Structure formats: structure tokens, C-alpha cells
Amino acid sequence: MALQHPKSQNRFDRGARSVLVGLSSNVLLAVIKIVTGIFGNSYALLADGIESTLDIFSSVVVLGGIKISKLPADENHPYGHGKAESLAAMTVSLVLVMAGIGIGIKSVLEIMQPHHTPAFFTLVVLIGVIAVKEVLFRFIFSVGESVNSLSIKTEAWHHRSDALTSIAAFIGISIAIIGGKGYESADDWAALAASGIIIFNGLNMLRQAAKEIMDYAPNPETEDTIRSIAGRVAGVAAIEKCRVGKSGLNLFVDIHVEVNGDLPVRDAHFIGHEVKDALMHSSLGIADVLVHIEPAKHS
């Protein structure tokens, strides 16, 4: 019982490759930022490096979610294992929120304690980090959009949050260096501001993940497209109902199709199969379609 869109394997592979690119980058950037933050007296940069380290964990979770979600349906999971992808997105979102809270608390503690002005070379490192992270965000988010994966889009937002944290750190360190004595804590205020951004993004992605787990209907445009494709099949008089659910990278459709009430059962059944085939071969990533045939109201 393999409920999976014909092109799902390619989509799963593309998603996994994009996450691996991000994971590899995070390993390198985390080391660079932590070492630079320690030797450059910048807590904002050190916090940025810690957040990148947590991103490594999140990437592993997302990869695990993708691997499990592509397993075929079985007796205990008749609709497949797609919810693993949503659970991975929820886990990553929670980690993002907790990281933001941790960085915020530490930032407040650092603000209350005097320390040295960050070194100038930390700014040079941050410029490179910001550029790399923004490129990673755009690349991974575009892949997440194309394969319809919330966990991959959540993973992309980790990179965008990292870029925002780095921008905040850059501003704070610049103020500390230019302002001189008395402005050393600007670095820590920047880390505090960045923690707020991280928490906000984490909560937003957590809300999206919760919607998927609760079988929240996809956007109205998707349902309209499904109705349009089904309505163009020869013999279909109207579409009475259409319910769409998302599991992993795939959609499941329950559709009520009206046909001429005088048609033989065999002909009506054939139209139902035509509707299912049309939807399954669309580019929407539909794994299965349940078609209910009803007599047209005006037939």
C-alpha cells in the first residue's frame, strides 16, 4: 500500500540535499563564530555561534523527519508517515524558541556586567556570515516551497534568524567600537534584540507546524486548483465538496463529483477514475484521491 505521489522520491531527495548543504555550512560557521566571539570579546557573536550549533541539531531532526515521512503506508499507518515531517518542524521550532529565550537571558546578565569592547575583526567575520546565511536562507526556502515542506522552510528560517542575529551583532559591535568607553554593552543589547527576533520566528513556525498536525486545510488557492482540474474532466457536471489534507510533502483529497444521474454505474465509476488520474498526475503532489460520485442536481 504505497500512498505516495509519483514524483515524491525526487522531492524528498531535493529536500534532503538542501538540508545537508545547510548542515555542512552550520558546522563550519559555528566554529568560526564561537572562536571569533571568544577571542574578539563579543557575546553577541558567541551567542550567534551557539545558535548555529543548535541549527546543526535542527538539521539532523529535519533530515530524520524527511526520512521517516517518505516511508510507504503500512497496516498501522494507512495514510503513510507524512506527519513525521510536521513533527520535525514542530521540534525545530521549539528548539528555536528555547534558543532565543536562552540567548535573551544570557544577554541581560551580560549587560549587567562590565566587559571589554569587542575587537574590530569580529565585524569582518560577521559580514561574511551574513552573506552566507542569507544565501542559504533563499536557497533552502525556495526548495521548501517547491517541494511543499514546512520542516524545510522552518530550517530555512533558522538560517534567516542566524543572519538577523548576525546583523544585530554587527550593529551592536559597531556601536561599541565607535562609541568607545561606556558603550561596551551595545554588543549585548544587540544579542538581546536578536533573541526577540529568534523567538518570534520560532513561534510563527511552531504555529504553522501545529496547523499541519491538526489537519488544517491548505490555502484556498490549492482547493480552487483541485476543483478546476476535476471540473475539466469529461462527464463531470459539478464539484459538490472538496476536502484537502496535508501529510508530509503530499496532499490527500476527498472530492464529491456530480455526474448525469441517468448514467450506468460503470460509466459513472469510469468518470471517477478519470478525475482521480487527472489529480494524481497534476503538479500538486497529491498522494491519494477518494472520489464520491453523486447524481447532478439538474440531471
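In which handedness of crossing does α4 pass α5? Select the pair and have a look: the crossing is left-handed. Keep in mind as you go that this is a predicted model.

With those two still selected, check the geometry. Helix α4 covers residues 121–147 and helix α5 covers residues 150–179; they pack at an angle of about 160°, and their axes are 8 Å apart. Angles over 145 degrees count as roughly antiparallel, so α4 is roughly antiparallel to α5. Now colour the contact by residue class: you'll get 19 nonpolar residues, five polar and six charged.

Stay on helix α5 and pick lysine 153, which lies in that helix. Is lysine 153 buried or exposed? Its relative accessibility is 17%, so this lysine counts as buried; the cut-off for that label is under 20%. Show side chains here, and you'll find that of lysine 153 in a polar contact with the side chain of glutamate 145, at 3.2 Å.

Next, move along to serine 185. You'll find this serine in the loop between α5 and α6, the latter being residues 186–213. Serine 185 has 23% relative accessibility and therefore counts as partly exposed.

Now for another helix pair. Select helix α3 (residues 83–111) together with α6: they pack at an angle of about 160°, with 7 Å between their axes. That makes α3 and α6 roughly antiparallel to each other, therefore look for N-to-C directions that run that way. The crossing of α3 past α6 is left-handed. Sorted by class, their contact has 21 nonpolar, eight polar and five charged residues.

Time to look inside. The largest nonpolar core has 20 residues, and the ones touching the most other members are Ile226, Val253, Ile255, Val275, Leu279 and Ile286. To see where this core comes from, select α7 (220–231), β1 (238–247), β2 (250–259), α8 (265–280) and β3 (286–295), each of which supplies at least two of its residues.

Last stop: a second, separate core. Eleven residues make up this one, including Val62, Ala88, Val92 and Ile140. As background for both stops, nonpolar side chains tend to be buried together in soluble globular proteins.

Key
Residues are numbered from 1 along each chain as its sequence is written. This is a predicted model: local features need pLDDT of at least 70, side-chain atom pairs count only at pLDDT 80 or more; totals for chains, interfaces and linings use all residues. Side-chain values use heavy atoms; hydrogens and water are left out. Axes are lines fitted to C-alpha atoms, for helices over the stretch in contact, and angles run from 0 to 180 degrees between N-to-C directions. Helices (H or I, at least four residues) and strands (E, at least two) are DSSP runs, numbered from the N terminus. Angles under 35 degrees count as roughly parallel, over 145 as roughly antiparallel, 65 to 115 as roughly perpendicular and the rest as oblique. A crossing is left-handed if the near helix is turned anticlockwise from the far one by less than a right angle, and right-handed if clockwise. Ala, Val, Leu, Ile, Met, Phe, Trp, Tyr, Cys and Pro count as nonpolar, Asp, Glu, Lys and Arg as charged, and the others, Gly among them, as polar. A nonpolar core is a set of buried Ala, Val, Leu, Ile, Met, Phe, Trp, Tyr and Cys residues joined through side-chain atoms within 4.5 Å. Buried means under 20% relative accessible area, exposed over 50%, partly exposed in between (1.4 Å probe, protein chains only). A polar contact is a pair of N or O atoms within 3.5 Å; within protein, one must be able to donate a hydrogen and the other to accept it, and residues adjacent in sequence count only if both atoms are side-chain atoms.
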